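Let's take a friendly walk through one fold, a piece at a time. Have the sequence and the 3D view ready.

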Amino acid sequence: MAKKQKKQTGAGGTPATVALTAAGTAFTVHSYEHDPAHPSYGDEAAEAMGVSPDRVFKTLVAEVDGELTVAVVPVAGTLDLKALAAAVSGKRAVMADPAAAERTTGYVRGGISPLGQRKRLRTVLDDSASAHATICVSAGRRGLEVELAPADLAALTDAVLAPVGRA
């Protein structure tokens, strides 16, 4: 069962929760015991929190025309690379090298958050997020999610909303 805690700050916080707190954004932190043997970080988070997978979003880093770009899509689906490229007026998108994604964001794979990244990257949020009052995204480490309004996530990341996820 996931533990809930409001507005986590201080030494136990992550760059994502620190950024949310600094912005004065309402959010809830959900923590759970990460199982390294689980085949999917996102599915594990949804199961552990008891939240529908269409409300839990994964943060993926892709390269669009050579520039790292973040896509935030439901864990139940996949990223449409052509749609991602089109959303940022690019021509071609490919998944980024995991090491480059980790180095640039400051987070480890499975714990990359769209918030509080070391280098702010262009961000595209799947438009399905707007169907929910709140969504969950990584809070910056495996086993830690943050729940917030999609509009707040979009505002804090300067995200473009576009249909970039597919079932």
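How many bridges join strand β3 to strand β4, and do these strands run parallel or antiparallel?

## A pair of strands

Strand β3 covers residues 57–64 and strand β4 covers residues 67–74; 8 bridges join them, and they run antiparallel. Please keep in mind that this is a predicted model. To find the pairing on your screen, look for valine 61, which stands opposite valine 70 in β4.

## The sheet around them

β3 and β4 belong to an open sheet of 5 strands, with the order β6-β3-β4-β7-β10 and mixed pairing. The edges are formed by β6 (93–95) and β10 (160–162), each of which pairs on one side only. On average, neighbouring strands of this sheet are turned by 35 degrees against each other, direction ignored.

Helix α5 (residues 150–157) packs on the sheet, where it touches β4, β7 (122–126) and β10. The direction of α5 makes about 165 degrees with that of β7.

## A helix with a buried face

Next comes helix α4, which spans residues 98–105. Which of its residues are buried? They are Ala100, Ala101, Thr104 and Thr105. Viewed down the axis of α4, these buried residues fall within an arc of 110 degrees, so they line one face of the helix. Among the elements that cover them are β3 and β4, the two strands joined by 8 bridges.

Note on methods: Residues numbered from 1 in each chain as written. Predicted model: local features only at pLDDT ≥ 70, side-chain atom pairs only at ≥ 80, totals over all residues. Heavy atoms only, no water. Pairing = 2+ DSSP bridges. Helix = DSSP H or I, 4+ residues; strand = E, 2+ residues; numbered from the N terminus. Axes fitted to C-alpha atoms, helices over the stretch in contact; angles between N-to-C directions. Contact = heavy atoms within 4.5 Å. Buried < 20%, exposed > 50% of the residue type's maximum accessible area, 1.4 Å probe, protein only. Arc of directions from axis to C-beta.
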